[in-house]
Amino acid sequence: MLTTNSLEPETRKIIHLDMDAFYASVEQRDNPELRGRPLAVGGARERGVVAAASYEARKFGVRSAMPATTARRLCPELLFVPPRFEVYKGVSRQIHAIFSDYTELIEPLSLDEAYLDVTQNRYNLPSATRIAEEIRAKILAQTQLTASAGISYNKFLAKLASDYRKPNGQFVIRPHEGLAFVEQLAVGQFHGIGRVTAARMEQLGIRTGWDLRQQSEAFLRQHFGKAGSHYFAIARAQDHRPVVADRVRKSIGAETTFARDLTTLPDLTEHLQPCLEKVWTHCERTGLRGRTVTLKVKYADFQQITRSRSFPTPLADVATVMRISHELLTALLPMPKGVRLLGVSLSGLETEADMVGRQLGLGL
């Protein structure tokens, strides 16, 4: 499928596999009454957050991490169901077992998403396209769920490709196609360039991949810091990051940049809540828990500070994480200037298995 080219020192065959609307699809699979209906997995309460949305709901603009009140406003007929993370973890184990049939180089990104390096694979298949087709067919047969796949010579392009034929499709970007594919995309479509960064690029006249490629690395670093070097590379369809098996995540975080600077505790608390719920949703999804809570504040003049509190054992529930985060925030009042960004993260991560093992070791 892939041949060596000058963009990569050693051409690899990378597949990015991504389940289609995973949580929502599992719920629709297990409950026929939900099929074909706009569905959100998450909390329906006033401060609830959408963890996942079915494709029927996405047509109305409903997206993951969206406040439940916003989702209901966009889609009054939206159905909410509570998440069943143990069920999702079970399906995830099935999916990853299929991946392991083909390669040991698997980098999980979440329960439903992973990179696979199939340059060398267990069946000595020369075609990554065929491998992706076989994996998707096995997933469908074993779980009754669909997956999308992107195939390319690096992780960045494979990720872009998997989004290109969603749902239930796959797309290949070959070495001679990478540069042309990237240059025609809007920068907001680049994986790793969020809404706020895309808006800053727009202000600089950078609207497409082609525009981005016209900028020097020095210019991009001046405006975007260390990330500028990454943007310089991906604008040239370059990404030398290897697929790292069993990657250990160091922290889980979420942050939000405000349309206007905030100064009052009610406003700050309101905007911190979705970040907290997004972090805890990831904790529930992955089984990770953290010992350190860190609050991140960026002021209107771009000065950034962090405040942390650590504990000897991982925090077991979202209420405790919320309480500590609010205490860290309250301790900063009164704010000396407006706040443009607020974030929260958990570090010192352990899995549930780690915690059980440690407790057994202590004789608890």
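Start with helix α12 (residues 265–286) and helix α13 (residues 318–330), which pack at an angle of about 145° with their axes 10 Å apart. Here axes are lines fitted to C-alpha atoms over the stretch in contact, and angles run from 0 to 180 degrees between N-to-C directions. Helices (H or I, at least four residues) and strands (E, at least two) are DSSP runs, numbered from the N terminus. On the α12 side, the contact (heavy atoms within 4.5 Å) is made by L265, L268, T269, L272, Q273, L276, E277 and W280. From α13 come V318, V321, M322, S325, H326, L329 and T330.

A quick word on the ground rules: this is a predicted model, where local features need pLDDT of at least 70 and side-chain atom pairs count only at pLDDT 80 or more, while totals for chains, interfaces and linings use all residues. Residues are numbered from 1 along each chain as its sequence is written, and side-chain values use heavy atoms, leaving out hydrogens and water.

Now zoom out. The protein chain has 14 helices and 14 strands, and its C-alpha trace spans about 60 × 50 × 50 Å along the principal axes. How many of its 364 residues, in percent, count as buried? That's 49%, with buried meaning under 20% relative accessible area (1.4 Å probe, protein chains only). As for contacts between residues at least 6 apart in sequence, 63% join residues at least 24 apart.

Technical notes. Buried < 20%, exposed > 50% of the residue type's maximum accessible area, 1.4 Å probe, protein only.
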